[in-house]
Amino acid sequence: MKLIIAIVQREDASRLQHAFAKENIRATKLATTGGFLSEGNTTFLIGINEKHVKKVMRLIQGESQGREEYMNPNLSMTGFDVSSQPVKITIGGATCFVLPVEEFKQF
């Protein structure tokens with residue numbers, strides 16, 4: 001048994017949740033905040049049999065695509081004064097942790 005912790009951008013969460021439901025994968029969904037821009041994320045907790053881990057990871061990768069966005073840096077982010085020229089950054093994608101589970105019980 002494994003526990004997958006998948007952190008995805010809020011914009012990808014609904015699509016991913018539907019993909020999980022379609023494949024009959026049970027997941028707990030948590031609203032979280034963090035990352036470089038401190039934007040909204042969604043964290044999924046998925047308890048899964050070890051033989052299904054690759055399938056779940058493929059679903060996450062398929063529904064959580066990175067994308068480029070422009071942002072205006074400010075003094076507090078850089079530590080010094082810079083021009084207000086937009087900077088291209090990559091956002092989205094997913095961060096996943098796969099952990100061993102010693103015991104799993106469902107009541």
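**View 1. Whole chain of the predicted model.** The protein chain exposes about 7,600 Å², of which carbon and sulfur atoms supply 51%; accessible areas come from the Shrake-Rupley method with a 1.4 Å probe, and for residues only the protein chains shown count as cover. Of its 107 residues, 27% count as buried, meaning under 20% relative accessible area (1.4 Å probe, protein chains only). The model is predicted: local features need pLDDT of at least 70 and side-chain atom pairs pLDDT 80 or more, whereas totals for chains, interfaces and linings use all residues. Residues are numbered from 1 along each chain as its sequence is written, and side-chain values use heavy atoms, without hydrogens and water.

**View 2. Order of elements.** The protein chain holds 3 helices and 6 strands, in the sequence pattern β-α-β-β-α-β-α-β-β. Helices (H or I, at least four residues) and strands (E, at least two) are DSSP runs numbered from the N terminus.

**View 3. The open sheet.** The order E2-E3-E1-E6 describes an open sheet of 4 strands with antiparallel pairing; two strands pair if DSSP finds at least two bridges between them. Strands E2 (28-34) and E6 (94-100) are the edges, each pairing on one side only. Strand E3 (residues 39-48) joins E2 over 7 bridges in the antiparallel sense, and Leu-30 stands opposite Thr-43 in E3.

**View 4. Helices on the sheet.** Helix H1 (residues 10-22) lies across E1 (2-9), E2 and E3, at about 25 degrees to E3. Helix H2 (residues 53-63) packs on the sheet and touches E1, E3 and E6, contact meaning heavy atoms within 4.5 Å. The direction of H2 makes about 5 degrees with that of E1. Axes are lines fitted to C-alpha atoms, for helices over the stretch in contact, with angles from 0 to 180 degrees between N-to-C directions.

Technical notes:
Buried < 20%, exposed > 50% of the residue type's maximum accessible area, 1.4 Å probe, protein only.
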